[in-house]
Amino acid sequence: HAQTKTSQEKQKLEKERQKLLKDIALTKKLLDKTSATKAQSLHQLETLQKQIEIRQKVIANITREVKLLTREIEEKQDVVTALQNDLKELKKRYADMAVNAYKNRTALNEIVFIFSAHDFNDAFQRLKLIQTLNQFRRRQAALIEQTSKELHVSIDELKNKKAERLKLLNIEVVQKTELSTEKTEQSKMV
C-alpha cells in the first residue's frame, strides 16, 4: 500500500513538473515576442519574473521528487539488507543440515533405522520421518532459491531508483543554471 502511495505521489510530482516546464516554455515564447520593442520591456520584465517564479517551483518540485526517491532507495536498501541476511542464515542452516545429514546418512543407516523398529507401525512412522526430513531439505533449498531471486529483483529495483534519482539531480542542475541565467537577465533589465 505504501508503495502505491509513493508511486502515486511520484507520478503527481512528475505531472506537476511537466506542467511547470510547459509554463516556462510559454513564458519564454512571450519573452521572445516582447523583446522586439522597448515599450514592452515592462511586460517583458513581468513575464521574466513569472518565469523565474515558475522555474523556482520546478526546482522545488524536483527537490521533492529527489527526496521521495531517496526515501524509496533507503527503504529498498533495507529490504536488500534484510534479504541478504535471510539468505546468509538460510544457507548456513542448510549447510549445517547437509553436513549433519552427510555424517549420519547412508542408505544402510536408513534401512537399519527403519528395520530396527519394534513393529510395522513403528517402521512406517520411521519411514515417514525420513521422507519428512527429505521434504524439509527440498523446501529449504527452494526457499534459498526464492530468497535469492527476490534479492536480485530488489537489487535491480534499487539500481533503477538510483539511476532515476541521478537523472533528476542532473535535471535540477540544468534548471538551476537556467534560473541563474534568467536572474542575470532580470538584473540587466532593472
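Here are some numbered notes on this predicted model, written for a colleague who works with coordinates.

1. **Ground rules.** This is a predicted model, where local features need pLDDT of at least 70 and side-chain atom pairs count only at pLDDT 80 or more, while totals for chains, interfaces and linings use all residues. Residues are numbered from 1 along each chain as its sequence is written, and side-chain values use heavy atoms, with hydrogens and water left out.

2. **Confidence.** The chain averages a pLDDT (the predictor's confidence in each residue, from 0 to 100) of 85, and 92% of the residues score at least 70. Which elements have the lowest and the highest mean pLDDT? Helix H3 has the lowest, at 69, and helix H4 (residues 120-189) the highest, at 89. Helices here are DSSP runs of H or I with at least four residues, numbered from the N terminus.

3. **A nonpolar patch.** Phe 113, Leu 129 and Leu 133 make up a nonpolar surface patch, with about 240 Å² of accessible area together. The areas come from the Shrake-Rupley method with a 1.4 Å probe, and for residues only the protein chains shown count as cover. Patch members have over 30% relative accessible area and no salt bridge; nonpolar side chains (Val, Leu, Ile, Met, Phe, Trp, Tyr) are joined within 5 Å, like charges within 9 Å. Phe 113 sits in H3 (residues 107-115), and its relative accessible area of 32% makes it partly exposed. On that scale, buried means under 20%, exposed over 50%, and partly exposed in between (1.4 Å probe, protein chains only).

4. **Arg 55.** Is Arg 55 buried or exposed? Arg 55 counts as buried, at 4% relative accessibility, and its place is in helix H2 (residues 41-104). A polar contact of 2.7 Å links its side chain to that of Glu 182. For the cut-off, a polar contact is a pair of N or O atoms within 3.5 Å; within protein, one must be able to donate a hydrogen and the other to accept it, and residues adjacent in sequence count only if both atoms are side-chain atoms. Leaving out residues up to four places away in sequence, Arg 55 touches Ile 24, Gln 175, Glu 178, Leu 179 and Glu 182, where contact means heavy atoms within 4.5 Å.

5. The structure holds 13 salt bridges, each one a side-chain nitrogen of Lys or Arg within 4 Å of a carboxyl oxygen of Asp or Glu. In general, side chains of opposite charge can pair when their charged atoms come close. One of the bridges joins Glu 14 and Arg 17, with the closest N and O atoms 2.3 Å apart. These two are three residues apart in helix H1 (residues 2-34), so about one helical turn separates them. Glu 14 is partly exposed at 29%, whereas Arg 17 is buried at 5%. Further along H1, Asp 23 and Lys 19 are four residues apart, about one turn of the helix, and their side chains meet in a salt bridge of 3.1 Å, N to O. Asp 23 counts as partly exposed, at 23% relative accessibility.

6. The side chains of Glu 145 and Lys 149 form a salt bridge of 3.4 Å, N to O. Glu 145 counts as partly exposed at 46%, and Lys 149 as exposed at 51%. Because they are four residues apart in H4, about one helical turn lies between Glu 145 and Lys 149.

7. **Thr 27.** Thr 27 is found in H1 and is buried, with a relative accessible area of 3%. Which residues does Thr 27 touch, not counting those up to four places away in sequence? They are Thr 47, Lys 50, Gln 51 and Ile 54.

8. **Sequence versus space.** Gln 11, in H1, is 54 residues from Glu 65 along the chain, with their C-alpha atoms separated by 9.4 Å. In H4, Ser 180 is 33 residues from Thr 147 in sequence and 49 Å away in space, C-alpha to C-alpha. Lys 167, also in H4, is 19 residues and 29 Å from Gln 186, again C-alpha to C-alpha.
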